[in-house]
Amino acid sequence: MQALQNIEQFIKGVKMDNWTAALLTGATCVVGSVVVLVKKINSHRETEDKIKRARNRREESLQRAEQAVLRYKESHPTTDSAFILTLSLSELTQQLKEGSLSPEDVLYSYMEKTLAVNKKLNCCTEVLLESLDQLKTVGSNKDGLLYGVPVSIKDNIAFKNHDCSCGVIINLDQPAEKDSVLVQVLKKQGAIPFVRTNLPQALLNYDCSNPIYGQTVNPHNPQKTSGGSSGGEGALIGGGGSLLGIGTDIGGSIRIPASFCGICGFKPTAGRLSLQGLHSVCRGQKSVSSSAGPMARDVDSLALCMQALLCDHMFSLDPTVPPLPFNMEIYRSSRPLRIGYLENDGYTQPSPSMARGVREVKALLEQAGHTLVPYCPLKMDQIIPELLIKGVLADGATTLLQKLKGGPVDPCLEPQVFPYGFPKWLKKTISFLLKPVFPRVSANIGALSGVGSVPELWKQHAAVEDYIHETIAHWRSCKIDVLLCPVIGPAYNFLYCGKIATAVSYTILYNLLNFPAGVVTVSTVTAKDEEELKHYKGCYQDMWDKLFKEAVAGGEGLPVAVQCVALPWQDELCLHFMKEVEQLVKQSKK
């Protein structure tokens, strides 16, 4: 009997313990949820505060610049700003050297114009008020090739005491400790960096919008994007607020905004210009090369900028850059060229205006005595997923997604990064299911998983090397000096860039190959181009082809450009070819 009572008491005790445990567990869950919620609220508040501070810094710099311009105009009423803004870079540098123009007149004229352009296009992240102080000492660099020239720089290029946001919240409130090498060299050459320009969130996108500074619009049509990632540069130069800027390019980030905004842009061979102090979101990625390069209204300006940057001062500041000064003889050469050309890379069917631009330039080059031969890039359907996507996102986009944490994802980037977050098994399953119907989409989604392991990464690097050598051999078998090909255009409608990353096949190929490439504006979209666009089918006739057609629709009057390419380290030859295209187009319009 006693034993039964003992058992009953034990069971009651156990029940009581279970109730206690349940209550404790419930309480712990509630407390845990509250802690998580509080952390989220605090994180959200911190994010909002960071964005607010960045916007306030921008607003303050714009207001102070506006006040400085007004003061200068009042004290210098005879300054002919309208005349200054019409001068080309070569004309401007000549007048500055001669002393017929002062650096003060030039800087304030461009600052005033920049403020007006920014109000329309939202292309600047801040005015560099240090430029006003630099005016006091710029005379010591009077022998510099860019003496007194105001220069705009992309927001990811380090400038002392300023953030390199790359459009992501995590990078705010971390000002650079010193100027990048390129900024130091620009200053040594007498240039005055005076404004920083907008870019897309995380840089790996060819639109130009982020949650901090918003959307940059196109100078020719505010219903279109300026392109990216150097989209702030493209818009500012295309809108007349700068005559020389520095951008960066990992997939067309200089060339696409140049095409969209109707200017010239040049991506040098990677390694030709210093990358010290240039920020990226996925640092350490080696398969697809990034380059810094100039953007301007004409090719001579690009060449002058390259000549100024390729100097002993840069080679001394960054010994990893080969000491190769600019070869003016090659740039000014007049020998006839053997030019490869293509209208369609077989992966992304060009818009009618893209293809027409190449055809018209080809005809002009032939009339001028150059030899044109058909050329086709190798294995595009294989190298896009296997070498390019797996190269840029070798880690399955882990680094990129980490950088985006703690803040909103911009609408321009959202459709692009949405599948990045899928687990690997889901990416593989979707890829398998889509293969019979949409082979291109299937291959690219499968590639989003990255390379998987270090041995696979080494294999991928080896495959990139093999492809470069194979392409050079193919190029030589065609006996061509340079290549004429399309560049994406015309400028897109908003929110399409993140949906059709594949369209960068025309530009990113030359980052993978590490070939210098540049863009020259040659025409504008006609009513006939728009009519032909209605019949656009695409190479694969899949969802991406349909989206591309929608993206470029309504482009009448927008700029049309072509792309010029050369072999590695033949940057001067590439620029020479660009200059030839530019001159022939100008002559044909007369």
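Is Val-168 buried or exposed? In this predicted model, Val-168 is buried, because its relative accessible area is 0% and the cut-off for burial is under 20%. Val-168 belongs to the loop that runs between strand 2 and helix 6 (181-188). Its contacts, apart from neighbours within four places in sequence, are Gln-201, Ala-202, Ile-212, Lys-403 and Leu-404. Asn-210 lies 42 residues away from Val-168 in sequence. In space, the C-alpha atoms of Val-168 and Asn-210 are 7.5 Å apart.

Strand 2 (residues 150-154) contains Lys-154. Lys-154 also counts as buried, because its relative accessibility is 0%.

An unreviewed UniProt entry gives the annotation "active site" to Lys-154, Ser-229 and Ser-253. The annotated residues are spread over 100 residues of sequence, yet they cluster in space. The largest C-alpha distance among them is 10.9 Å.

Helix packing was examined next. Two packed helices are described by the angle between their axes and by the distance between those axes. Helix 4 (residues 103-121) packs with helix 5 (residues 130-137) at an angle of about 165°. Their axes are 10 Å apart. Helix 4 is therefore roughly antiparallel to helix 5, a label that applies to angles over 145 degrees. The crossing of helix 4 and helix 5 is right-handed. Helix 4 contributes Pro-103, Glu-104, Leu-107, Tyr-108 and Met-111 to the contact. Helix 5 contributes Ser-131, Leu-132 and Leu-135. By class, the residues of this contact comprise 6 nonpolar, 1 polar and 1 charged.

Burial extends to a whole helix elsewhere in the chain. Helix 19 (residues 505-512) has 8 of its 8 residues buried, so the rest of the structure largely encloses it. The buried residues of helix 19 are Ser-505, Tyr-506, Thr-507, Ile-508, Leu-509, Tyr-510, Asn-511 and Leu-512. Asn-514 follows helix 19. The phi of Asn-514 is positive, near 60°.

How values were computed: Residues are numbered from 1 along each chain as its sequence is written. This is a predicted model: local features need pLDDT of at least 70, side-chain atom pairs count only at pLDDT 80 or more; totals for chains, interfaces and linings use all residues. Side-chain values use heavy atoms; hydrogens and water are left out. Axes are lines fitted to C-alpha atoms, for helices over the stretch in contact, and angles run from 0 to 180 degrees between N-to-C directions. Helices (H or I, at least four residues) and strands (E, at least two) are DSSP runs, numbered from the N terminus. Angles under 35 degrees count as roughly parallel, over 145 as roughly antiparallel, 65 to 115 as roughly perpendicular and the rest as oblique. A crossing is left-handed if the near helix is turned anticlockwise from the far one by less than a right angle, and right-handed if clockwise. Contact means heavy atoms within 4.5 Å. Ala, Val, Leu, Ile, Met, Phe, Trp, Tyr, Cys and Pro count as nonpolar, Asp, Glu, Lys and Arg as charged, and the others, Gly among them, as polar. UniProt positions are given in the numbering used here, feature names are shortened, and annotations may be inferred rather than shown by experiment. Buried means under 20% relative accessible area, exposed over 50%, partly exposed in between (1.4 Å probe, protein chains only).
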